[in-house]
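Hi there,

Here is the structure I promised to pass on to you. Have a look at it first, and then read on for my notes on what I found.

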Amino acid sequence: MLNFSFNKSLRLLDATAYKAVFDDAQLKVSKQQVLYLARKNGTTTPRLGLVIAKKNVRHATERNRIKRILRESFRLQQHQLGGIDTVVLARRGLDQLDNSALHRLFNQLWQQLYEKSLKAEKKAN
């Protein structure tokens, strides 16, 4: 049975992990309001890091809502992602979307990231 938890092992916890993704982002997917940067991490489990800047999302309640929905979408998609580290960056306008639009947007981008990772894996082999 699949485990859909979101424990500490599925998070990017320190600045070096974030820096590694920023410096060597092998995969990128984006929409107007959000950007996903990702790289292979050499393990079988994906990890998630969030950058929801106050400059782009002014109110703490909105930042928290976005992070909660992002973690939830990651938690449900984690089994198909494989061993990648992903940093999600919010852009202006993300807080204008309602919850259902955020779910659709994030799930669409996870799917694009998954497809790009498969292409990159086939290319490497």
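Let me begin with Leu12, which touches Ala17, Tyr18, Val21, Arg47, Leu48, Gly49, Asp85, Thr86 and Val87, leaving out residues up to four places away in sequence; contact here means heavy atoms within 4.5 Å. Before going further, some housekeeping: this is a predicted model, in which local features need pLDDT of at least 70 and side-chain atom pairs count only at pLDDT 80 or more, while totals for chains, interfaces and linings use all residues. Residues are numbered from 1 along each chain as its sequence is written, and side-chain values use heavy atoms, with hydrogens and water left out.

Back to Leu12, then. Leu12 lies in the segment before helix H1; helices (H or I, at least four residues) and strands (E, at least two) are DSSP runs, numbered from the N terminus. With a relative accessible area of 6%, Leu12 is buried, where buried means under 20% relative accessible area, exposed over 50%, and partly exposed in between (1.4 Å probe, protein chains only). Leu12 and Arg47 are 35 residues apart in sequence, yet their C-alpha atoms are 5.9 Å apart in space.

Helix H1 itself covers residues 15-23, and its buried residues are Ala17, Tyr18 and Val21. These cover an arc of only 100 degrees around the axis, so they sit on the same side of H1; the arc is that of the directions from the helix axis to the C-beta atoms. What do the buried residues of H1 pack against? They pack against E2, E3 and E4. The face turned away from the buried side of H1 carries the exposed residues Ala15, Thr16 and Asp23.

Now to the strands. In E4, seven of its seven residues are buried. Ile84, Thr86, Val88 and Ala90 point one way from the strand, Asp85, Val87 and Leu89 the other way, and all are buried. E2 is mostly covered too, with six of its seven residues buried.

As for pairing (two strands pair if DSSP finds at least two bridges between them), this is how the strands are joined:

- E2 and E4 run antiparallel and are joined by seven bridges. Ala38 stands opposite Thr86 in E4, and Tyr36 stands opposite Val88 in E4.
- E3 and E4 pair in the parallel sense over five bridges, with Gly49 opposite Val87 in E4.
- E1 and E2 pair in the antiparallel sense over five bridges. A hairpin of two residues joins E1 to E2, and the bridge partner of Lys31 in E2 is Val34.

Thr86 is found in strand E4, and at 0% relative accessibility it counts as buried. Leaving aside neighbours within four places in sequence, Thr86 is in contact with Leu12, Tyr36, Leu37, Ala38, Arg47, Leu48, Gly49, Trp110 and Leu113.

Next, helix H3. At 1.5 Å a residue, the 26 residues of H3 (residues 99-124) should span 38 Å, and its end C-alpha atoms are 37 Å apart, which agrees; the expected span is 1.5 Å times one less than the number of residues. The buried residues of H3 are Ala101, Leu102, Leu105, Phe106, Leu109, Trp110, Leu113 and Ser117. What covers them includes strands E1 (27-31), E2 (34-40), E3 (47-51) and E4 (84-90), together with helix H2 (60-81).

Finally, the cores. A nonpolar core is a set of buried Ala, Val, Leu, Ile, Met, Phe, Trp, Tyr and Cys residues joined through side-chain atoms within 4.5 Å. Which members of the largest core, with its 25 residues, touch the most other members? They are Tyr36, Ile66, Leu70, Val88, Phe106, Trp110 and Leu113. E1, E2, E3, H2, E4 and H3 each supply at least two residues of this core, and H3 gives the most, with six residues. A second, separate core of eight residues includes Tyr18, Leu35, Val87 and Leu89.

Best wishes
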